Amino acid sequence: MKFGHFDDVRKEYVINTPQTPYPWINYLGNEQFFGLISNTAGGYTFYRDARLRRLTRYRYNNIPLDTGGRYYYLRDHDNQDFWTPGWMPVKRDLDFYECRHGLGYTSITGERGGISVNQLAFIPLGYNGEVHRLTVKNTSSATKTVSLFSFAEFCLWNAQDDMTNFQRNLSTGEVEVKDSVIYHKTEFRERRNHYAFYSVNRNIDGFDTDRESFVGLYNGLHEPQVVVAGKATNSVASGWSPIGSHEVKLTLAPGEEQSLVFILGYVEVAEEDKWEAPSVINKKPAQAMIEKFATDADVDRAMEELASYWEGLLSKYQIQSGDDKLNRMVNIWNPYQCMVTFNMSRSASYFESGIGRGMGFRDSNQDLLGFVHQIPERAKERILDIAATQFEDGSAYHQYQPLTKKGNNEVGSGFNDDPLWLILGTAAYIKETGDVSILDEQVPFDSNPDNTATLFEHLKRSYYHVIHNLGPHGLPLIGRADWNDCLNLNCFSKEPGESFQTTENIAGGTAESVFIAGLFVYVSPDFAEICRMRGLDDEAAEAVSQADKMSAITLEHGFDGDWFLRAYDHYGEKIGSKENEEGQIFIEPQGMCVMAGIGVEEGLADKAMTSVKERLDTKYGIVLQQPPYSKYYLNLGEISTYPPGYKENAGIFCHNNPWIMIGETVLGHGDRAFEIYSKIAPAYLEDISEVHRMEPYVYSQMIAGKDAVRHGEAKNSWLTGTAAWNYVAITQAILGIQADFTGLKVEPCIPAAWDGFEITRVFRGDTYVIQINNPDHVSKGVRNMTVDGKAVEGNIIAPFGDGGVHKVVVTLG
């Protein structure tokens with residue numbers, strides 16, 4: 001069942017009912033200022049850090065679910081009716097409703113009683129404010145008199161403190177109102193040098209800044225007393241809960257349309273420039289921001305700039321194929337989600353409150369893989385930020401806060417896969433750009449500017465952190481956890497409410513990870529090549545030797561006959577073995593070890609992939625492990641706390657499904673690789689949205705597995721490594737266009753029935769139009785390749801460096 005449709009020409013997803021199976025959201029902003037907005041105008045806004053610079057409040061896990069947002073109430077004075085164009089929170093029936101989620105903007109249209117209202121929301125490039133244009137049109141044959149009431153509820157900056165510290169916060173709220181602008185200045189008098197403002201570009205007929213005065217103590221947002229009465233009270237917040245609400249009266253002749261531009265903005269001022277008079281904030285920066293969007297033409301121009309920006313990013317990789325779903329995923333929605341995930345990591349969605357998590361070390365390195373070709377300069381900045389949270393021994397903070405760029409002490413370190421991802425992320429950047437100078441950048445340890453080393457030295461310590469932390473079998477120690485934070489083999493917890501990840505009661509431990517072994521072998525060729533690029537041939541040879549040694553150990557101690565083991569626990573017992581009663585086979589080591597090439601020559605990789613298909617596959621994707629855990633295992637931790645089929649306990653964890661896709665391409669199984677891809681790619685799930693529930697344009701972290709009550713139901717959409725890894729799987733492994741150290745590598749592995757396709761790929765300033773022909777209907781193998789009509793030996797296109805357009809013709813066979 002569909003609740004909308006893709007508009008590929010406008011690069012929008014069009015929703016035609018406000019009652020979607022779950023709030024379907026979009027992200028605004030792409031630099032420092034961000035917003036989340038649902039198809040009913042719910043959500044919130046923040047500057048850089050969703051925890052420490054939250055502008056507006058949002059109530060997670062509330063009833064109704066999506067409560068709080070940028071609401072605009074329309075009061076029809078002729079019939080005393082009131083409603084909201086996004087349906088929520090008033091929930092009046094609308095004569096027409098449409099939400100268009102586009103690239104960095106959302107447009108919601110509602111019509112009722114002869115009045116149509118369009119609410120356009122976006123964040124302009126280089127601007128620390130959210131712009132809302134309200135277009136109100138009289139579609140009736142009679143003159144209409146209406147009042148428009150805006151509404152935003154200010155958060156007192158620190159979102160966690162805002163929800164807990166009521167004995168202080170209910171006494172600190174402060175605002176100023178001047179002309180048509182409401183200024184939120186809570187705590188500005190003391191340690192803050194920033195404030196928020198909410199403006200509209202015309203004279204107002206009233207305002208409210210006190211929530212109780214606007215809503216009413218015993219009312220909800222569906223029936224605010226000011227809107228019911230049809231008249232603002234001009235309340236000035238003093239303590240309690242500050243809000244921003246403007247009243248604007250409009251008289252509209254039949255067919256007449258009027259527009260209003262609202263801005264929800266953020267301002268920082270220098271300490272010495274905070275005040276323009278005693279207790280009066282310096283409003284000049286806000287006024288300058290407001291002046292930039294005084295007219296509709298200003299809004300139109302900014303929207304054109306935003307569209308051009310996204311066009312430029314998406315043009316770096318485009319496919320023309322006979323499959324519209326594939327085209328829209330590769331050309332629009334998957335890279336768009338990759339960029340949003342890069343900006344947010346795992347911090348702010350409708351499932352992540354923006355309070356509990358900062359930027360993840362491993363997460364951000366993996367996210368790099370999906371966006372490095374779009375904005376390599378920001379990828380470089382991110383790599384250096386991440387590396388700066390590393391410790392001298394090669395370990396790293398698991399998370400850091402984007403505002404401070406310092407490691408998060410609440411979570412700390414000890415996740416032993418983290419360091420290796422820095423090698424993978426850096427290698428991806430160098431392959432894309434050819435910029436080896438990044439390796440010479442001086443980068444702090446533990447964010448200490450007095451203790452630095454080159455980025456290469458950081459990579460070296462990442463690599464040797466594994467070698468220096470091996471267990472009884474010679475496999476890498478897992479630490480608190482490896483990629484799966486819920487497999488806690490050294491954190492035995494019996495106390496309710498304890499964190500499984502931070503309650504490390506067996507320091508160091510002896511538990512070993514086969515997954516980290518596979519990851520180590522997977523990144524070793526990149527590390528070795530980076531060593532060679534620096535003239536360190538001996539170190540490169542040592543890396544090759546270490547990888548070979550780890551491969552052999554993995555086959556000796558990490559293969560269970562038909563698949564790879566997951567781990568050894570603290571007591572040396574196998575995890576993910578046919579010897580286990582539950583959790584006999586796991587997805588992660590099968591994907592990562594085969595991606596690394598372990599067991600390919602021996603035929604064991606093929607056996608592992610066959611076992612995945614036979615034991616883990618379902619119609620909605622590949623589950624994480626089987627059989628699920630039916631009880632709590634103290635030696636395994638959080639993974640066994642979930643009911644069967646959910647999250648890490650045999651859920652379809654979409655993040656690691658692409659590892660199986662890529663593993664299948666290593667073995668040349670193009671049909672199987674694409675089959676797995678199409679099972680979880682959201683555009684292919686649009687017709688079952690009532691089952692899937694999440695947005696049909698972006699990936700979710702997990703889908704309920706075959707042992708779950710709600711098999712096929714997704715959760716945790718948007719911010720997931722699924723976005724980057726699926727993009728890598730489809731664009732690099734299946735379609736086969738890969739950036740490499742020496743050029744652009746062409747190595748498709750596709751369904752044999754495909755006749756071919758065309759890829760346009762921008763690489764190091766050149767544009768390559770690559771025609772793939774498959775006359776013999778094979779899955780893999782490049783028979784020949786020409787570049788600008790000249791035959792090329794092998795399948796790597798050396799960079800031209802001329803900024804030109806080059807035609808590449810590849811014949812498979």
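## Helices α16 and α17

In this predicted model, helix α16 spans residues 657-666 and helix α17 spans residues 670-680. Their axes come within 8 Å and cross at roughly 160°. An angle over 145 degrees counts as roughly antiparallel, so α16 is roughly antiparallel to α17. The crossing is left-handed.

From α16, the contact draws on N657, I660, M661, E664 and T665. From α17, it draws on R672, A673, I676, Y677 and I680. Sorted by class, the residues of this contact are six nonpolar, two polar and two charged.

## Helices α8 and α10

Helix α8 covers residues 361-371, and helix α10 covers residues 418-433. Here too the axes come within 8 Å, but the crossing angle is roughly 20°. Angles under 35 degrees count as roughly parallel, and α8 and α10 are therefore roughly parallel to each other. Their crossing is left-handed.

On the α8 side, the contact residues are F361, R362, N365, Q366, L368 and L369. They meet D418, P419, W421, L422, L424, G425 and A428 of α10. Eight residues of this contact are nonpolar, three are polar and two are charged.

## S364 within α8

S364 also sits in helix α8. Is S364 buried or exposed? Its relative accessibility is 1%, so S364 counts as buried. Setting aside residues up to four places away in sequence, S364 touches S345, M359, R382 and I386.

K406 lies in a loop. That loop runs between β24 (399-400) and α10. Beyond its neighbours within four places in sequence, K406 is in contact with Y400, Q401 and S447.

How far apart are K406 and E223 in space? The C-alpha to C-alpha distance is 44 Å. In sequence, K406 and E223 are 183 residues apart.

## Helix α19

Helix α19 runs over residues 722-734 and is mostly covered. Of its 13 residues, twelve are buried.

Just after α19 comes G736. Its phi is positive, at about 80°.

## Cysteines

How many disulfides does a search of the whole structure find? The count is zero. C593 is in no disulfide. The nearest cysteine sulfur to C593 belongs to C749, 19 Å away. A disulfide needs the two sulfur atoms within 2.5 Å.

C593 counts as buried, because its relative accessibility is 0%. C99 is buried as well, with a relative accessible area of 0%.

Most peptide bonds are trans. P64 lies in the loop between β6 (54-56) and β7 (71-76).

P89 lies in the loop between β8 (81-83) and β9 (96-101).

Most residues other than glycine have a negative phi. K91 has a positive value, near 65°. K91 lies in the loop between β8 and β9, where P89 is also found. At 41% relative accessibility, K91 counts as partly exposed.

H777 is not a glycine either, and its phi is positive at about 55°. H777 has 35% relative accessibility, so H777 counts as partly exposed.

Note on methods. Residues numbered from 1 in each chain as written. Predicted model: local features only at pLDDT ≥ 70, side-chain atom pairs only at ≥ 80, totals over all residues. Heavy atoms only, no water. Axes fitted to C-alpha atoms, helices over the stretch in contact; angles between N-to-C directions. Helix = DSSP H or I, 4+ residues; strand = E, 2+ residues; numbered from the N terminus. Parallel < 35°, antiparallel > 145°, perpendicular 65-115°, else oblique. Left-handed = near helix turned anticlockwise from the far one by under 90°. Contact = heavy atoms within 4.5 Å. Nonpolar A, V, L, I, M, F, W, Y, C, P; charged D, E, K, R; others polar. Buried < 20%, exposed > 50% of the residue type's maximum accessible area, 1.4 Å probe, protein only.
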